[in-house]
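Please keep the sequence and the structure in view while reading.

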Amino acid sequence: MRLSKLLGKTQREIPAEADTVSHRLLIRAGMVQQLAAGVYSYLPLAWRALKKIENIIRDEMDRAGGQELSMPVLQPLELWQKTGRDAAFGTGLFTLTDRRERTLVLGPTHEEVIADLVGRNVRSYRDLPLLPYQIQTKFRDEPRSRGGLIRVREFIMKDLYSFDADQEGLDESYQKMLAAYKNIFNRCGLPTMLIQADSGAIGGKESHEFMVVAESGEDEIIYCEKCDNAANVEKASSLKERIEDGPPQPLVEVATPGKESIEDVAAFLGVPPSHTLKAVFYMADDKLVFIVIRGDIGVNEVKLKNLLGAAELRLATEAEVTGAGVVAGSASPVGLSGFRIIADDSVTTGNNFVAGANKAGYHLKNVNYPRDFKVEMLADIALAAAGHACPACNGVLRATRGIEVGHIFKLGTFISDRLGANYTDAEGASHPIVMGSYGIGLGRLLAAAIEQNHDDKGIVWPLPIAPYQVYLCPLQMADEAVTGAADKLYSLLEAAGLEVLYDDRNESPGVKFNDADLLGIPFRITVSKRTVANDSVEIKRRTEKEAELVPLEEANKRLKELIRG
RNA sequence: CGGGGCGUAGCGCAGUUCGGUUAGCGCGCAGCGUUCGGGACGCUGAGGUCGGAGGUUCGAAUCCUCUCGCCCCGACCA
């Protein structure tokens, strides 16, 4: 490809709206163009990189036994109502009305459609397992798109679904996909972290995410520095060490004038925050819920939401709390009733806690569970944090941020159940097919690859996903010896099957070198008066400072060697 | 949806407080010439009606009302 004819120009100045590294570089390199919030065009260079990623994914899916197909983007809302996931996705579903006033959904994912499809085509256990997949544009009306390609409303996703006769089959399919995903990210030059995850609106039990560690990531990862325990903060748990505070003592009410926060009360009474119990109030589907948790630990809202089975969960406002007759700043479960009380299991880690007295200006000492209060549910709803102890090995937990590039789910049978996707076993009995779901966001993977591979000059594409392999860079376009050599080399390299981006613009060397760095093509080959005088060219890796001088007639061979690695 | 910021030429911005000739600057773009190993230079030129609508006024990029859009933080989110 001749750069002079390529659609998409490099820019010197950084657009004001771009904050994250990948977004800035993609725009500066002229690779993407925004049309609306979270809606982008891919220009030829980005599209080539995306196609390479797509081919790697397709290759790995096929090797793992996947079968590619294509399902409709346009889906009847009724299908979603059957599984109840229209509610789970809520306003995240893009919907539209056709001329017959029927509501259609722009597919945000395809569990419903594929379960319906497979259900109509599978009769027997002999037809299983199945691993159908597609690579297709998805639509989600995200409350807020962000970070360029990191979170968008229209995006290309590879979605594969596994269909097995039983749990063992699902486990096997899941392991296959897990291995295939590792291959994909490795081949794309992306180090990823495999972490445990919450399954969110997709549903199901077990779930893992593939994370690329990056500052700009939206997710917080809690991982152990000693063992391989790692999880999304939404899912992570940590060890709650015992608080040694002697045998239970009788309740004592103490005056704590003006002290309302845990820090203030603890300091005032001379105890660490871990020796206190705090009250936190949430509205779960518009009902007040009273949470009790040790003073030094935060509430994990995802765990709480799952525990309550709530569709919507948010912190209660002060008015809602006081309206329920609770004394904010001095609330405790002791002697209170009238609403759901949920406790984190940290309340069992010690004795003689300090808690509110439900009376302004007073607190209680020596509060003990279950002696002094009862709860409706006792569970782990704690927020794990850096510095906590690892529940697996007692090592120290650390936190980092990551971009979720892949997510895999063991769904089970709740979707096939509701859509009647059944099979007949060897005994002639009917069962719902056991499903799994496996997704990769291609655009996000592309962005993550840039987040991971760049320097202050620009993108540094990993070779397997680079839009072109070679950047052919003649320096004096007015010099016929130079352009002659470059033209010849260009056709030679192309004929040899190398992917060449030919910078045939009449620009100064500085401009060309800087654009070459910005575009991040792995190998740059420079032709100039100097090199032509020596019957040679310079070959330089994007990752290295120094170039190597290669005789003109060997350039082709040498490049092939380098590219094969 | 809550909070904050912003819409003036393809991009980056000034001008808006305090209304007043043909709305500026830099980059980029086009033509000509000189240059050419890390973002060269000169000359000439094209390009905007100031996000949109309504209003106030002799006069609006500037004031008022409404509205649309974009970004960031949060809520939310496979």
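The structure is a predicted model. The C-alpha atoms of chain A fill a box of roughly 95 × 65 × 50 Å along the principal axes. Within chain A there are 15 helices and 33 strands. Chain A has 565 residues, of which 51% count as buried. Among the contacts in chain A with a separation of 6 or more, 71% are between residues 24 or more positions apart.

Chain A exposes about 25400 Å², and carbon and sulfur atoms supply 49% of that area. As to charge, chain A carries 66 positive and 79 negative side chains. The centres of these two sets lie 3 Å apart.

Chain A is divided into three parts: domain 1 covers 46–216 + 399–450, domain 2 covers 252–383, and domain 3 covers 468–564. Taken over C-alpha atoms, the centres of domain 1 and domain 2 are separated by 39 Å.

Is Glu112 buried or exposed? With a relative accessibility of 0%, Glu112 counts as buried, since the limit for a buried residue is under 20% relative accessible area. Apart from neighbours within four places in sequence, the residues in contact with Glu112 are Leu79, Trp80, Thr83, Arg85 and Leu419.

The next element is strand S15 (residues 287–294). Because seven of the eight residues of S15 are buried, this strand is largely enclosed by the rest of the structure. Which strands pair with S15? Strand S14 (residues 277–284) pairs with S15 in the antiparallel sense, over eight bridges. Phe281 has Phe290 in S15 as its bridge partner. S14 and S15 form a hairpin with two residues between them, and in the turn Asp285 has a positive phi of about 45°. S15 also pairs with strand S18 (residues 340–344), in the parallel sense and over four bridges. Here Val289 stands opposite Arg340 in S18.

A further strand to examine is S31 (residues 523–527). Five of the five residues of S31 are buried, so this strand is largely enclosed by the rest of the structure. In a regular strand, side chains alternate between the two faces of the sheet. How are the faces of S31 covered? Phe523, Ile525 and Val527 lie on one side and Arg524 and Thr526 on the other, and all of these residues are buried.

The pairing of S31 involves strands S29 and S32. Strand S29 (residues 470–474) pairs with S31 in the parallel sense over five bridges, and Phe523 in S31 is the bridge partner of Val470. Strand S32 (residues 536–541) pairs with S31 in the antiparallel sense over four bridges. In that pairing, Phe523 stands opposite Arg541 in S32. Phe523 therefore has a place in both pairings, as the partner of Val470 and opposite Arg541, and belongs to a strand that is largely enclosed because five of its five residues are buried.

Terms used
Residues numbered from 1 in each chain as written. Chains lettered and ligands numbered in written order. Predicted model: local features only at pLDDT ≥ 70, side-chain atom pairs only at ≥ 80, totals over all residues. Heavy atoms only, no water. Buried < 20%, exposed > 50% of the residue type's maximum accessible area, 1.4 Å probe, protein only. Pairing = 2+ DSSP bridges. Domains from an automatic or database assignment. Contact = heavy atoms within 4.5 Å. Areas by Shrake-Rupley, 256 points an atom, 1.4 Å probe, with all protein chains shown as cover. Lys, Arg positive; Asp, Glu negative; His and termini not counted. Charge placed at Lys NZ, Arg CZ, Asp CG, Glu CD.
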